[in-house]
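Subject: Handing over the two-chain model

Hello,

I am passing on to you the structure that we talked about, and below it I have written out what was found in it. Please read the notes with the model open beside you.

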Amino acid sequence: MSATPSSTLLTMSGITKRFPGVIALAGVSLTLNPGEVLALMGENGAGKSTLMKVLGGAYLPDEGEIFIEEKPVVLADVREAKRLGIALIHQELMLARNLDIAANIFLGNEGGGMMNVLRRGEMNAKAASLLDRVGLHLPPTTPVSTLSAGQMQMVEIAKALSMNARIIIMDEPTSSLTAGESEQLFKIIRQLRSEQIGIIYISHRLEEVLNLADRITVLRDGRYVGELARADATHEKIVSMMVGRELSNQYFPLKHEKPLGEPLLVVKDLLVPGAPATASFTAHRGEILGFAGLVGSGRTELMETVFGVTPALAGTMTLEGKRYAPASPRDAIDSGVYLAPEDRKRHGLVLPMSVAENTSLPNVATYSRFGILDRAKERKVADAEVARLRTKTPNILQKVVNLSGGNQQKVVLGKWLAMSPKILILDEPTRGIDVGAKAEIYRHMAALADQGITILMVSSEMEEVIGMSDRVVVMHERRIKGVLLRESLTQQRIATLMTGRTEGNEAA
Amino acid sequence: MRRELGMFVALVVMCVVLWISNPDFLGQSNTLNTLRQISMLGIFSIGVGFVIITGGIDLSIGSVIGLTGVIIAKLSSPALGGLGYSLWIGIPVALAIALLIGLAQGLLITRLKLQPFIVTLGGMLLIRGISQTVVQGGTISFGDSPFLSLANDGLIHVNGDPLIPYPLIIFLLVIAVGTYVLHFTVFGRYVYAIGGNRDAAEYSGIDVKKVETLTYVISAGLGGVAGVCYASYIGQMSQQVGIAYELYAIAAAVLGGCSLRGGEGTVLGMVVGSAMMRVIDNGINMFQVRYEDATGIPRIWRLNPNWTFIIIGAVILQAVILDQVVHIVQAARRTRRAGASTTGTPPASTGPPPAELPVTPTAKAG
C-alpha cells in the first residue's frame, strides 16, 4: 500500500501515559496513512487499549504529541476526538439495545440542542443510505435488540461513517462474529480503505491480521517494539515481537503417545434443548477431547447440558459406567464434572472476591465446621493451587478483579483442581489470554490429562484444537458432524467438517 | 406498547365491572373525585417515570410533595401558624425549593457517583424531617384561603360541582409536555439511551450527568406541582401528607410498562398505570354485590377495606408475573423457531437426512 501517501493521516509521537504505580505507555509512536489498515498488536497489557483511549479522547496523555494531517491537535475529550473524525468501535459494542438502528447511529449526534425535536424522517433516510454503504439491508427502524453480533458491528461502523470519520479504530471486532459475519466485515473494511479512510485494527487473531493489514505495529509492555510491512510479516515474526522470544517449540507441550484410557463419559443420543438432532460421543480417561466448530455451532450448549445448566430433553449419559443425569450444575459438581465457562468474568469468577474465596466457592461446605468457615484451611488450599499453577498474584487475598486474564483463568482452574475433578470442561480456555500465559495453560492441561483427568475443550482456535486434542469432535449448526483422531487431524479436515460439508467431499 | 395496551384493556374492564356492580362508580361526584385523584398521582408519576427510564429511582418524591404543601401553608396560610403572605410568594417559593431538592439529589448522584437509592432515601427522611419541624408536629390549616379552590374547583359547573377539575387540566398539560419531551426531543432520546446502555450513551458523547441530573429535577419539580394540588385538596398540612407516595408512583410506572432496569416506559403507560392504581383504590370502596339472605332480606356485600393493600399488592405482582411469563413464552417460541429453521434449511448437496447423526469411520475407530 504505497500508493502515493499524500500526507500522513495520523501521527502519534512519544505518547506517555502514567497511572498510579504503572507506566501504561512509555513514549509510543505510531503513524497511519489514508487508505491504510494498520494492525496494532500486542499481548494483553501491552498498552493497545490505553493508546486507543488516548486517541479516542478518553485519556489525556502525560507526554507526547498527536498530529492529524500534520496539524497538532489536543484530544481533550470524546467529543473533540469525534469532531476531528476519530471513531472508536469498542470490543463490547456500545449500542443501546432498547433503541432502533437509526437512533443508535445518530446517538449523541442528533443535531441541535437537547430541547430540539428529533428529526426522525431525516435520520431514517440518512441511516438507510449509511446501512446501504455497510451492506446491512434492514430498515433503520429495526430494534437493535433483534440484531446479531455481526449486524450490530455494522451499525457501529455506520455510526462511525455518519460522523464522517477519517480514522476508525476497531478493537477485536471479530471476537464475537461468525466466520460469515467476519468475511462481511473484512469486505467492508477493504471498501472503507478504498475510500481513503484510515483504519486501526486491533486483534489477537494472527490469520486475520496477516490477511487484512497493510502494516503491523507491535507494542509490548507499553513500549513500541517495531513495525512490519505486510510482505515481511509471518506468524513467527509477529509472535516473537509480541512476546520477545521465540515460542514455536514450547508453545504446545509435547504429547507422549499413549493409548486411550477406558471410556469415562459416554453420551448417547443426547437431545440438547434447541438442537435439531441428538448428539453422541465418548470421552476416555485422561483424554483431551477437543470440540471444534464455528461460533453458534452448539458446542457451548452441549457442554452446558453435560454440566447440568440446561438438562437434556432425551438421551442418556453414563459416568464411570453409572447413570449420569445432572439436573443442575450442583449435580454435575457432585459427580466430579466441572466447567470453566467461556465468559469467565461473568460465569466463572466472583470478581470482587479474593483468590482464596473464589477457590473455595464451589465447595465452601467442606471448608466449614458447624457452619463456621475455616479460613485457615481455605487459605492453605488456595495457596497450594496458586503454587501448583504458578498464578501471579501478590497473595491469595488479592481480589480477582485485579488479576490479568491469564491469571484469572488459573484461579478458575485452581478452584476445580482443589476438588479433584474427573472431567474438566474448558470452554475457550485461552480466550483473551496473552501468548505467554497461553503456553502455560496448555502445559497445565497436558499435565492434568496425564494425571487421568478428562478434559473436554471447546475452542475456536484451530491451532489450539490441533495442538492440544487427542481427538476432536467437530460440530456444525448444532449437530456433531464427525470425530477425528489425533493422527488424522489436519486443519483442512476439521475446516471441512466445521463448514458443514461431509468428509470425502473436500472442495478446497 | 404491549404492556400499555394490556393495562388499558384491563383498566376498561375493571371500570365496566365496577360500574355494573355499583352505578354510583360513574356518578358525577365519584367520577370527579377519582379523576382528581388520578390526576394528582399521574402528575408526579410521570416525573418519577423519567428517572426510572434512565435506570434510576426517586424515593424522595412523597416527602417533596409534603414539604411543598407545608411551605405554602407556612408562608401563605391566613390561619393560625401561617405567615399570611400572598400565594404568589408561597407557591413559587415552594416550587423553587422542590426544584432545588431535585438538583441537589441529581448532582450528588451524578457528580459524586452515589447510588440513587441511597441518596433519595436520605432525601426522603431528611425532607420529611424538615416538614415535621416546620409544622412542629402539628397541622397548619389553610382556613378559607382561595387556595382551596385550586384542587376542589374546576371548569363547567353542573349541579354546583365542576365537571373538569383544575388538577385534571394540569395533568393534561403535564401529559402533553411530558410526551413531547420524552418522545419527540433529543433530550428524551438521551433518557432512553442512558437507561438502555449508559456506556454507549457516554461514548456517544452525550452529557450523561447533565441529562440524568435533569431527570431528578423534573421528578422533584412535578412532585412540587403535585404537592401544590394535594395541599389545596386537603386544606391543611401536617407532616403526614405524601407518606409512601413514592411507592405509588413507582407502582404506577411499573404497571404502565416501565422497567426498573431502565430503558423502557412511555408517558401514556404511566398515565394508564396511575389510573389503574386509583381505580383499584376507589373500586375497593365502590365494589358491591347485592343479594338476599336466607330470610329474604336484601343485603349488600362489600370488600373489606382492610384488604386494600393486599389487593393492590396482588395486582402489581400479577402484572409483572404476567409480563414475565409472556416474555418467557415468547423467548421459548423464538428458540423453537430458530431450531426449526435450522432443521428446515435444505441439506447440503450430499447432505444426510435431517435427524441422522453422521459419524465418520474414524469416529468408530476411536
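This is a predicted model: local features need pLDDT of at least 70, side-chain atom pairs count only at pLDDT 80 or more; totals for chains, interfaces and linings use all residues.

Residues are numbered from 1 along each chain as its sequence is written, and chains are lettered from A and ligands numbered from 1 in the order in which they are written.

Two packed helices are described by the angle between their axes and the distance between the axes. Helix α2 of chain B covers residues 28-53 and helix α12 of chain B covers residues 267-286, and their axes come within 8 Å and cross at roughly 140°; such axes are lines fitted to C-alpha atoms, for helices over the stretch in contact, with angles that run from 0 to 180 degrees between N-to-C directions. The crossing of α2(B) and α12(B) is right-handed, where right-handed means that the near helix is turned clockwise from the far one by less than a right angle, and left-handed that it is turned anticlockwise. Sorted by class, the contact of α2(B) with α12(B) has 10 nonpolar, 9 polar and 1 charged residues, where Ala, Val, Leu, Ile, Met, Phe, Trp, Tyr, Cys and Pro count as nonpolar, Asp, Glu, Lys and Arg as charged, and the others, Gly among them, as polar. Two residues are in contact if their C-beta atoms, placed from the backbone, lie within 7 Å, and the α2(B) residues that meet α12(B) include B:Leu41, B:Gly42 and B:Ser45, while those on the α12(B) side include B:Gly273, B:Ser274 and B:Arg278.

Helix α12(B) also packs against helix α1 of chain B (residues 2-21), with axes that come within 10 Å and cross at roughly 25°. That angle makes α1(B) roughly parallel to α12(B), and α1(B) passes α12(B) in a left-handed crossing. By class, this contact of α1(B) with α12(B) has 12 nonpolar, 3 polar and 2 charged residues. Among the residues that meet there are B:Phe8 and B:Leu11 in α1(B), and B:Val272 and B:Met276 in α12(B).

A further helix of chain B, α11 (residues 245-255), is mostly covered, since 10 of its 11 residues are buried, a residue being buried if 20 or more other C-beta atoms lie within 10 Å of its own, exposed if 12 or fewer, and partly exposed in between, with C-beta atoms placed from the backbone. Among the buried residues of α11(B) are B:Tyr245, B:Glu246 and B:Leu255, and the helix α11(B) is followed by B:Gly257, whose phi is positive, near 110°.

Chain B has 14 helices and 6 strands, and 46% of its 366 residues count as buried. A compact globule of 366 residues would have a radius of gyration near 21 Å, but chain B has 26 Å; this radius is taken over C-alpha atoms, and the globule rule is 2.2 Å times the number of residues to the power 0.38. Buried residues make up 48% of chain A.

A:Ala158 sits in helix α5 (residues 149-162) of chain A and counts as buried because it has 26 C-beta neighbours inside 10 Å. Leaving aside neighbours within four places in sequence, A:Ala158 is in contact with A:Ile105, A:Leu130, A:Leu131 and A:Val134.

A:Asn164 lies in the loop between α5 and β7 (167-171) of chain A, and its phi is positive, near 55°. A:Ser420, in the loop between α14 (405-417) and β19 (423-427) of chain A, has a positive phi near 35°.

With best wishes

How values were computed. Helices (H or I, at least four residues) and strands (E, at least two) are DSSP runs, numbered from the N terminus. Angles under 35 degrees count as roughly parallel, over 145 as roughly antiparallel, 65 to 115 as roughly perpendicular and the rest as oblique.
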